[in-house]
Every structure is written in C-alpha cells, then in structure tokens.
Amino acid sequence: MPDTPRINHRANSTAFSLMTAILALTAGRLDAQPPPGYYDTVNTTNAATLRATLHPVIDDHTRFPYTSTSTDTWNILEQADEDPGNPANVLDVYKNASYVKVGAGNTNYNREHTWPNSYGYPNDGATNYPYTDCHALFIADDSYNTSRSNKPYRFCSALCNEQITLLTNGVGGGSGVYPGNSNWTTGSFTTGTWETWIGRRGDVARALFYLDVRYEGGTHGITGAVEPDMILTDNEALIDASNTGANESIAYMGMLSVLLQWHQQDPVDSKEISRNNVVASYQGNRNPFIDHPEWVECLWNSNCTFGDTTPPAAPTGLIATGGNGVVNLDWNDNGEADLAGYNVLRSTTSGGPYTKINASLITVSTYSDTTVTNGTTYYYVVTAVDTSNNESGNSNQASATPSGGGGGPASPWINEFHYDNDGTDTGEFVEVAGPSGTNLSGWKVIGYNGSGGAMYATVNLSGTIPDQQSCIGTLSFAFASMQNGSPDGLALVNATNTVVQFISYEGSFTATDGPALGMVSVDIGVSEITTTPVGQTLQLTGTGKQYSDFTWQPPATGTSGQKNSGQTFNDPSCVDVTPPAAPTGLAATADNAIVNLNWNNNTESDLAGYNVYRATASGGPYSKINVPLVAVSDYADTSAVNGTTYYYVVRAVDTSLNESGNSNEVSATPSAGVTVLMTFLASTSVPGVGTVENEDIVSYNTGTGVWSLYFDGSDVGLSSFAIDALAVLPGGQLLISVDLDGSLAGLTGGPSGTSIDDSDIVQFTPSSLGATTAGTWTFYFDGSDVGLTTTGEDIDALSISATGQLVISTIDPPSVTGLTSLADEDLIAFTPATLGAATTGTWSYYFDGSDVDLATNNNEDVDAACITSTGEILLSTIGTFSVTGVAGEDEDVFKFTPTGLGTVTTGTYATFLDLSAIGIPTGADVNAVEVLD
C-alpha cells in the first residue's frame, strides 16, 4: 500500500517567526553538499506542497539493525558522531565528552533516541524503521541519556538540575550559571523537562523535524513495512497518549514551539553537515533541514517566500604580492550567472578579524591595495556577492608584506624530497618552504616523466606555512610512487596555475603538457639510487630567505616538515606577525556584583599577557574591560551589575602586540542572591552570629554566603516560646506561630487579652530588627475559631500563597471542616473571610505529601514551609527524609516544583540548602523558613 496522504495539520502551529534569522543563517551557512538533483522535485510554493513533495525524497531509506554482528547503528553512529578533534573518539551530544571508540556494550556511552522510542515505537524489529533511523540517533553519555529519559524538550530555569558540558574542541565547559553551556532538567516523563545545551540544541531540533516529515504513516515503498505517523506538537496530552508500551500508528513528541526556537538559536554547523553526509552514505536519505534550514519556516509557519538565499561559492586561488606601498591581489573568476562582484577584506592578524577595504563592489578578479604601510604584513580574504546581495564565505587567506625595496616576500620553493631507496621505495614525499603565512590552498606539485615529458601525477597542496625560523617555514606532502628518474621532474604550481619552479633529477627535459608545457627543467645535480639508505632524502642547505640562497646536497637523513640540517632561514625584514594561540578553558563564576574568570595558561615564550572582552549578547560585539594587560590567567570583573547576563572571551597578546583570536565564550549573571529566614528547634551555633535561641530568626544570603541575626525574640517577649512557624507580609510585618500556650506581653486585639495558643498566629510590626529588635504585637489568626483545637493541631509550618491564602501544616494530622484524611506531611490552605479575634473562613487542600513520597516514615512530618514568588515550595522535616531525587537531614531545606497541587499533588524535588555545608551543625533542626523576595 502506498503512503497515505495526510492533511497538513502542523502549519501555523506557532506564531513564532524565524524567517529573518533563517535567511541570515542560510546566506552564510556552510555547504551541506547534497547530491546533484537530490531535491529537484521539491516544490516550496507553500507548506502543503513542500511536505507533499519533500516526504517522497527522504522516504523509503535502507534500514540497518539496532545491534548486529554485521553493520548496525553502532558502526554508523561511531562514524557519524566522530570527534572532529580526535578521529579515534566519538563526541557525545549532551555532555560534549570525547570517548575512545569501543563499540557496543561499553559503559561510557550509548545511543540516544532524540524522539524517545517510548512515544510510539518502543518495540524494535525488522519493520520498525524509526527505531534505528540514525538521523535521529546520537551517541550520548550513559548517565546523561538516563537523566534525559523520555522527557520532552523544553526550556528550563536556574532552579532546574544542571547537567554540565565538558570543554572539548574549544566549545562547552563552565557551570553554575543558567543556561551557560549546560543542559538543564527537572521532572520526569511527559511533564518533565530537558533543555539541551546551546551547542547542540539545533541538532536535536532538526533531527525531530526530519522524523516529522520522514514518517507520514502508510507503508515503506520497498519493503511494505507499516510506518507510524510522527507528529511534533505542544499538546502534552497527545504526547502522553503515545506512551502505551506498544508500537502506535500515530506518535507525538514536543515541544514544537521550543524546537523551532532551538533551530534558530543553534544554526547548522560543519559537524552537523558531516553527520548528515555520513548517515546518508548508509541509509540513502538525508536530513533536509540540515541542507535547507529555511524550509522549517515554510513547513511550520507557512512562510515560504524565500527569494534567492543561495550565496555564491567562495572565491579560490587568492594570491597576494607585495610591492612598494602596494599589495596586488589576484584570484580565480567565479562562475555564477548572477554574480555582482567581490569584496576584499584585510587584517593585520592571521585569521582575522577582517575589515572590508573596498568602497564599492569589485567587478574584476584583481585588486591593488594602495592603503598599506611598508614593512607591515597584511592578511587578505575575498568574498563573492550576487545580485540578491547574498555573500559567500571567505576565500583562502593570502598574505604579503609591502616593502620599499620594490619586492614582496620570496615565493615558496621545493625544499626537500625523496623518491628512491634501498629495497622497496617507502615514504616518498615533497616538502615546500616559503614565507610563513603563505596559504598553499590551490597550489600543487606535478610529477613529470622525463621520458616523453608528460605529467604522471598531481599532489594537491593545502595548509598555511608556519613560522619555523625568521618568518619562514615548511610543509611536507606525501607523494606516493614518485618516479625514480633518469630523468624525472617536479613542477611547483601556484593557485593561478602558474609554474613557480620546474626542477628535475638525473638529467633535464622539456615538458610536453600541463602547466609546464614547453618549459625545460633545471637539473638539481644530485640524485638518489637503489642503494640509498631508507630515511635519507635530497635537501637544500645554506642560509637565506629564498630558493636561490640554498644548494642541493647528496642524500642525507631526512627532516620532513622541518628546516633541513645545515639550513638556516634568515629574512632580515622579518617582523613577528604570528599571534599567540587563542586561550582555552575559559570559565566564569558569578557572585554578588562580580564575575570571576579563569582560563588555561598559554605557553608561548613571548607571551605578554591577556585581554578580557565582555558583551551583553552572545557572540558580541565585545568591549575590552581591562586597562593594562592581565598578566595571569584569571580576572575579576568588578564592574558587573547584578541581574545582567554577561558574555566573555579572552585573547592572548605577545610582546610584539600580536593578539590571538577569541577563546571559547562563557556567560555569567552576577546576583546578590536571595535572603532566607530560618528558626531552629533548639539553641544553634550560626557562623558569624554565634549561638541563637529558638525564639530568634537568622538570615542567610545565598549570594554572599553571609549569616546575620534578623530578629531577637528575647527583646520582644518571646523568651519562653519557640518560633514554630514564620511568614513575612508584603509590608514587612512578621506572622509568627509559637510552640506552646502562654501570655505574650504587649499583645493587642486578642480574644483573651495577651493569651495565645499554639494554633494561633500573631503579627509583629517591627520598628527595628537585628540585634536590637523592637515593635508591636497584634493578634492575627485564632485557630480555635476554625477547627484547630487539639494539642496535635499546633501550627508548625506557615506560608502565604500567591492568592493570599494562609497555608499551614500541623504537628499531627488536623481535623477541620470540609477536609478529610489529612496527615502531618500535608499543607492546607485557609481563605479568610475575617481575621483577628473572630477568625472565619474556609479550608481547602493545598499539598498532599503522601502523593509525592512524604509519607514513608514519621520523620517526614513537614515542620517548615515557604511558598516562593515563583511558586516553588521550600520544605524542611522533623527528621531525615528521602524523596525522589533528594535525601537529607532535619537541618536541610529542599525544594518542590509543583506540576499539580491539591488533592492530586505532582511535581519534582531538588536540594535548596544543605545547611551542614554552610556552617550549621548536623544536629540542628530547621523549625521555620521564609524567603524575602
């Protein structure tokens, strides 16, 4: 049966518009290189035609087994997710960890279904195509894969649990600041959240977009296997309904609106393009949203007006020649029919940043830069621009140093080679020397056969010549089966196909084809023979800066890739223009009005120091914030403003004032923290305060880590009581409930003069706080009026909800009108009609602790609670507790993030304050808690 047509029920699913960002992304993106004609049948007129014509292009791929003794998903993923910085390793999608490839069954990494298979296709088999579809499978760290589980992709917050990334290949690393370079998670199953780190969130988004279009229901056109219809949505109920434990005909996953934003925030990069190419080489189909990211906007927002967004190819063959007060540039013509011209960009640092130096587009493929200063080395790139103003990527970089002597730097030359040795020839190569900074992209060495003069082999060169001595260096290239002569030759040809040098060994001859056509080779006068020892080569010796300064020597021990033995590079005009390496390992830690930075030390012998740059937007523009160079590898930004997120990079500077490129970027948000008020059950030693009693209130600032005395109960008549529950009203008044019945001196407004009960709440209006506490007491809430009449109904936790309800817990299960089956781990809400001596109102369920693990033992009675301004509930218990994800003691405060409250309470836990880690004795017991916003 062919695929079943489907209504485009996804179009206009979100008002979030990506078109501006996608057009910008597409104009400068890397070339994903789909096969010619692959997308020719795709119709982008509207969302419906795009989906209808794109699906058949990527449908019916070749399936590989999940695990097998033949080629399986392990083989494909270890190639697709190969670490570009270490081909022996794989790179994990979430932790950004690099692991040695060890194949199936290891304990470091496994395979992540970005669309969790539990949502619609859990049972693997030969006909389950999405289960093994490698476009949506990624290598993932074992523990991170478990932590992600089957949570939908969403944005989280700094209150979520952080899953850090490692600094690998210059990206990732850092922790403690949301979102930074970390993953963030909370909850579980459909109501849970997994926020992928910024460096890979676009990758997972495009993987899910692929699944949405690849799987449209119906059957596989070749094997006849039944396939699911996979749909992205923001509807949690639909996602949850997909988790049945069986393979479903329709599967849902999300969150779509979040994935659309992630697609924008993390554009396609070279790693993702390489991955697409590898998977396509096995499966025979591609992820179209890596090749054409602009199609996302068309499919899900019905914005299909693209115009010409394809940039020209980057120009090739750029060469630079220095003269007196001028640098002349030349490059190959671009072939686009809509080419408008070129831009020339220049820098005094290799690798940029570059500045455009032409005022208007250049319409020919040459340019003379007459704004140069003799003796300064300049680095150039060229870009092509079409009539729709799409601009290509950079050409190869070329450099030159203008000189008053009328000549630029010497041209590269052949400096060493090897072609014959005793026994079977081994390790044939050719080495090129020349001015450092020369980019050999587009250059080549051509082997010529002296018998007839024709070409027999071409070695394409690449790379930039390093500075090995006096602004000169070498690069070596393998030349397999270099011919053994009598005679044979080598032609060094530049990027404009011009022969720079034509040499030969064991005689000379005339070239009969190729770039050297008609040229007579120059015999170097020395040669190798069949008894030449393995490891010896022909090489130049002497002192100088150009080919003519040196002399060829008989075979000697080879020095491939280095200046030769007996050779000295010496250019008297050499000026150090080589910048230090970009610093690595930059990390940022925020504190109160300060951000502390540290990074790895650079190792250059001529290092002078570092510059620190800051921005308020990721990617810049950055401004330097240090005045003198920073001499060490750490820096404190004391000009940071609390609440502002800053983005930092660091550059290294050498003694010649060459500055490196940027380090990795890190971000941090300084904050004064929040102030947490607490009381303790008994006398407790508090750092910086001393011993406090159970009628006192202390404060702790999470930003500064400083403890203070907030309220001295003995100053205002509470010496015979312990504060059992605490809340603070918006005007700063304190609501307090105490642990026993008694008389509170100065109390007004009560039903029995100054008498209070442990189920009552009194209000303290301060005139001063701290070591000298003063103020007035007013009766606020009479518990006996509304059902709190027994000894066990002592209020031992108190807070105020966002709607103004009094939320309490009691020592034993309370019995109040309208509620049943209450327990001492529950919170109940009182909605007042009147307060004071005649209290009236109604009770309702607020938090059922037994629903969320707080009923496993008697120690889990809640004895302190606070509802924060963001809706989380801070809790402490009378003894040790253990709930999902968190365990602790009675001196600890933990956090509950609700997804449901009332008679059916749901949500997740996390640690808030481990007081024993910040100076409070383990024997202490938190008796009340409140947060000052």
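**Figure 1. Buried residues of helix 7.** In helix 7, the buried residues are L256, S257, V258, L259, L260, W262 and H263. Buried means under 20% relative accessible area, exposed over 50%, and partly exposed in between, with a 1.4 Å probe and protein chains only. Helix 7 covers residues 256–265, and seven of its ten residues are buried, so it is largely enclosed by the rest of the structure. Helices (H or I, at least four residues) and strands (E, at least two) are DSSP runs numbered from the N terminus. The model is predicted: local features need pLDDT of at least 70, side-chain atom pairs count only at pLDDT 80 or more, and totals for chains, interfaces and linings use all residues. Residues are numbered from 1 along each chain as its sequence is written, and side-chain values use heavy atoms, with hydrogens and water left out.

**Figure 2. The largest nonpolar core.** This core has 66 residues. L54, W115, Y153, F209, L232, F289 and W300 have the most contacts inside it. Helix 5 (residues 201–214) gives the most to this core: eight residues. A nonpolar core is a set of buried Ala, Val, Leu, Ile, Met, Phe, Trp, Tyr and Cys residues joined through side-chain atoms within 4.5 Å. In soluble globular proteins, nonpolar side chains tend to be buried together.

**Figure 3. Surroundings of F289.** Leaving out residues up to four places away in sequence, F289 touches L54, R206, F209, Y210, V213, H263, V268, W295, V296, L299 and W300. Contact means heavy atoms within 4.5 Å.

**Figure 4. Disulfides and other cysteines.** A disulfide is a pair of cysteine sulfur atoms within 2.5 Å. By this rule there are two disulfides. One joins C156 and C160, with sulfur atoms 1.9 Å apart. The torsion about this S-S bond is about -90°, so the C156 and C160 disulfide is left-handed. C156 is buried at 14% relative accessible area, and C160 is buried at 13%. The other links C298 to C304, S to S 1.9 Å. The C298 and C304 link is right-handed, with 85° about the S-S bond. C298 is buried at 0%, and C304 at 13%.

**Figure 5. The largest pocket.** Its volume is about 1100 Å³. Of the 32 lining residues, A158, L159, G176, S671 and T702 are the closest to its centre. On a 1 Å grid over the protein atoms alone, a pocket is an open set of points where a 1.4 Å probe fits, with protein on both sides within 12 Å along at least five of seven lines; lining residues have an atom within 4 Å of a point. Strand 29 (587–591) and strand 56 (906–913) each supply at least two lining residues. The lining has 13 nonpolar, 15 polar and four charged residues.

**Figure 6. The second largest pocket.** This pocket has a volume of about 730 Å³. Its lining has 28 residues, and N181, W197, I198, G199 and S618 are the closest to the centre. By class, ten are nonpolar, twelve polar and six charged.

Definitions and conventions:
Grid points are joined across faces, edges and corners, and a volume is the space filled by probe spheres set on the points. Ala, Val, Leu, Ile, Met, Phe, Trp, Tyr, Cys and Pro count as nonpolar, Asp, Glu, Lys and Arg as charged, and the others, Gly among them, as polar.
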